[in-house]
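Below is a short report on one protein model.

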Amino acid sequence: MPSETARPLYADTRAAHTLVWFRQNLRIRDNTALCAAVAEGLPIIGIWIDDAETDNPRRAAFYRQSAAELAQRLAGRGIPLYTEVSPAGLVRLAVRLNIRTVIADTSCTFAEKLADNALWHELDKHGIRLTFVNDRSVFNQTDLIPDGGTAYADFDRYREVWLDRFSKRPPASSDLFAAYRQPFPENLPAPQPAALSDGIFLPQNGGETAAWRQWRRFLEQADSYSVLKDFPSRKNTSLMGAYLSAGCISPRLLARESLERRLNAWADNIIRRDFFLQLALQHADDDPSDGNPEHTLRLTLWQQGRTGIPIIDASMRCLH
């Protein structure tokens, strides 16, 4: 419960707030969006959009578990986390709660950028600022683009530049949010609790706590990673992909820990992830088959696990 001396901060239901839109950064630790919100100097409110894919219930369950834990951890800092089902709901909430600024982790694909631009126009109509920060990758998509303005298409060259930049100027992990607390805004409408997994069985539990637990488990055998990672019959990889995708764990912190431990073979995965995220921005066409019938057929066979190459087909069927 907030103290009596803290109540005047929320005495006016129209008091201004900063809204943090959690997308693929469902965590507390090393969260640039939360640190940017603290710097704004206004009380913080969170929002998560549950636009779950109906054809992928496991992914939806994983994200909902992650959001549920995030809501609990934010509440411990006095920050409510609201759930909406669309960006339009975000706009309505922002207007109703007198939001001055919406802060979100930056998107990566051209299609996402277009959607963000449409949201920016809607918020701008109400005088609400929309800003983006990098929480999805170690380096932002444009940080390592050479002077010519074209993203590196060769991974080896990109890796060389990435490591050089990281050794000289690694991205700072801010602790601005580490000790942050605010009185819980009692006079605002109570947020609905984030949905749980709807009974879907998950081999991995979603959320920040589970992410760090899995990372520590991996470190116990990480010294043999470079030798054992290519044995598909055993779980010798880190299994961090889902957690990184949902942002339950910071890629910056994993990059720092893996390089400090000289786990260079594993660190290549983080670098490769940055590499493809910076390439994603360069390709506006969402159709990888480029309209060529032969390419379309090959893409379909790969997606369905019918290439004729056993290890690829088995992997794709498991993924499906």
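Arg298 and Glu294 form a salt bridge, with the closest N and O atoms 2.6 Å apart. A salt bridge here is a side-chain nitrogen of Lys or Arg within 4 Å of a carboxyl oxygen of Asp or Glu. The two residues are 4 apart in helix α11, so about one helical turn separates them. An α-helix has 3.6 residues a turn, so residues three or four places apart point the same way. Arg298 counts as exposed at 52% relative accessibility, while Glu294 counts as partly exposed at 44%. The cut-offs are under 20% relative accessible area for buried, over 50% for exposed, and partly exposed in between (1.4 Å probe, protein chains only).

The model is predicted: local features need pLDDT of at least 70, side-chain atom pairs count only at pLDDT 80 or more, and totals for chains, interfaces and linings use all residues. Residues are numbered from 1 along each chain as its sequence is written, and side-chain values use heavy atoms, with hydrogens and water left out.

**Salt bridges**

The count comes to 17 salt bridges. Three of them are tabulated here.

| Pair | N to O distance |
|---|---|
| Arg298 and Glu294 | 2.6 Å |
| Arg23 and Asp116 | 2.8 Å |
| Lys125 and Glu122 | 3.0 Å |

Arg23 forms its salt bridge with Asp116. Arg23 lies in the loop between β1 and α1 (32-40) and Asp116 in helix α4 (residues 110-124), so the pair ties together parts that are 93 residues apart in sequence. Both Arg23 and Asp116 are buried. They also belong to a network of salt bridges that links Arg23, Asp105, Glu112, Asp116 and Arg136.

Lys125 and Glu122 meet through their side chains. Lys125 is exposed, at 62% relative accessible area. Glu122 is partly exposed, at 35%.

**The sheet**

Five strands form an open sheet in the order β3-β2-β1-β4-β5, paired in parallel. The edge strands, β3 (81-84) and β5 (129-133), each pair on one side only. Neighbouring strands are turned by 25 degrees against each other on average, direction ignored. Helices (H or I, at least four residues) and strands (E, at least two) are DSSP runs, numbered from the N terminus. Two strands pair if DSSP finds at least two bridges between them.

β1 (residues 17-22) and β2 (residues 44-49) pair in the parallel sense over 5 bridges. Thr18 stands opposite Ile44 in β2.

**Helices against the sheet**

Helix α2 (residues 57-75) lies across β1, β2 and β3 and runs at about 150 degrees to β3. Axes are lines fitted to C-alpha atoms, for helices over the stretch in contact, and angles run from 0 to 180 degrees between N-to-C directions. Contact means heavy atoms within 4.5 Å.

Which residues of helix α3 (residues 87-96) are buried? They are Gly89, Leu90, Val91, Leu93 and Ala94. Their cover includes β1, β2, β3, β4 (99-105) and α4. Asn98 follows α3 and has a positive phi, near 55 degrees.

**Surface patch**

Trp302, Ile309, Ile311 and Ile312 make a nonpolar surface patch of about 360 Å². Patch residues have over 30% relative accessible area and no salt bridge; like charges are joined within 9 Å, nonpolar side chains (Val, Leu, Ile, Met, Phe, Trp, Tyr) within 5 Å. Trp302 sits in helix α11 (residues 293-303). Trp302 is partly exposed, with a relative accessible area of 42%. Accessible areas come from the Shrake-Rupley method with a 1.4 Å probe; for residues, only the protein chains shown count as cover.
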